[in-house]
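Subject: Structure handover

Hello,

Here is the structure for you to look at. Please open it alongside the notes below.

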Amino acid sequence: MLADEIDRTRCSVAGTLAVVGEKWSLLVLREAFLGVRRFADLQKNLDVPRAVLTNRLNTLVAQGVLTRVPYHAEGQRQRHEYRLTQKGLDLYPALVALMAWGDRYLAEGHGSALALEHRDCGAEVHLELTCEDGHVLGGPREVRPIPLARMDLLSSDEGAEPARG
């Protein structure tokens, strides 16, 4: 495949980074996956400036990654907590992959601060790259990128519906 065949104007990586590609956005998501929902708790855990956190939360809500849900603690004014939507939950594998990469290449003998285990059986959780037929792939050398414009042409030549990503 030639690199110039890819339509970079429809790049999913660039689009995703526009939503969650900033450090604080990813750390807010980490906290959300750990069950942290309230602004004050997020600010305390992340030690992030209030304005930055407000901006990141507003972006994640506007993009449908988080939803803002009102709550009222006794004796206090109404506030909001931030909960993951399905769109947000679908980012979990990406955060697990980033964590695994950091554990492997950045832990420098200190080990990981966090382990992930399956709630039902207690086994360690890890990610795998698989194909539709269930084959486990060892890495990028086992994958062939196919530009969708080319896939659309191939599919229409065969009289089938165009492939969509």
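Two strands count as paired if DSSP finds at least two bridges between them. Keep in mind that this is a predicted model.

**Strand pair**

Strands E1 (residues 66–72) and E2 (residues 78–84) are joined by seven bridges. They run antiparallel. Leu-66 stands opposite Leu-84 in E2. Thr-67 has Arg-83 in E2 as its bridge partner. The two strands make a hairpin, with five residues between E1 and E2. Look at Gly-75 in the turn: its phi is positive, about 80°.

**Helix crossing**

Next, H2 (residues 23–33) and H4 (residues 50–62). Their axes come within 10 Å and cross at roughly 75°. Angles of 65 to 115 degrees count as roughly perpendicular, so H2 and H4 are roughly perpendicular to each other. Which residues in H2 meet H4? They are Trp-24, Ser-25 and Val-28. On the H4 side, the contact takes in Val-52, Leu-53, Arg-56, Leu-57 and Leu-60. By class, the contact of H2 with H4 has six nonpolar residues, one polar and one charged.

Last, the second largest pocket. Its volume is about 410 Å³. It is lined by 18 residues. Closest to the pocket centre are Val-96, Ala-100, Trp-101, His-126 and Leu-127. Which helix gives the most to the lining? Helix H6 (residues 92–105) does, with eight residues. The lining of this pocket divides into 12 nonpolar, two polar and four charged residues.

Best regards

Notes:
Residues are numbered from 1 along each chain as its sequence is written. This is a predicted model: local features need pLDDT of at least 70, side-chain atom pairs count only at pLDDT 80 or more; totals for chains, interfaces and linings use all residues. Side-chain values use heavy atoms; hydrogens and water are left out. Axes are lines fitted to C-alpha atoms, for helices over the stretch in contact, and angles run from 0 to 180 degrees between N-to-C directions. Helices (H or I, at least four residues) and strands (E, at least two) are DSSP runs, numbered from the N terminus. Angles under 35 degrees count as roughly parallel, over 145 as roughly antiparallel, 65 to 115 as roughly perpendicular and the rest as oblique. Contact means heavy atoms within 4.5 Å. Ala, Val, Leu, Ile, Met, Phe, Trp, Tyr, Cys and Pro count as nonpolar, Asp, Glu, Lys and Arg as charged, and the others, Gly among them, as polar. On a 1 Å grid over the protein atoms alone, a cavity is a set of points where a 1.4 Å probe fits but cannot get out, and a pocket is an open set with protein on both sides within 12 Å along at least five of seven lines; lining residues have an atom within 4 Å of a point. Grid points are joined across faces, edges and corners, and a volume is the space filled by probe spheres set on the points.
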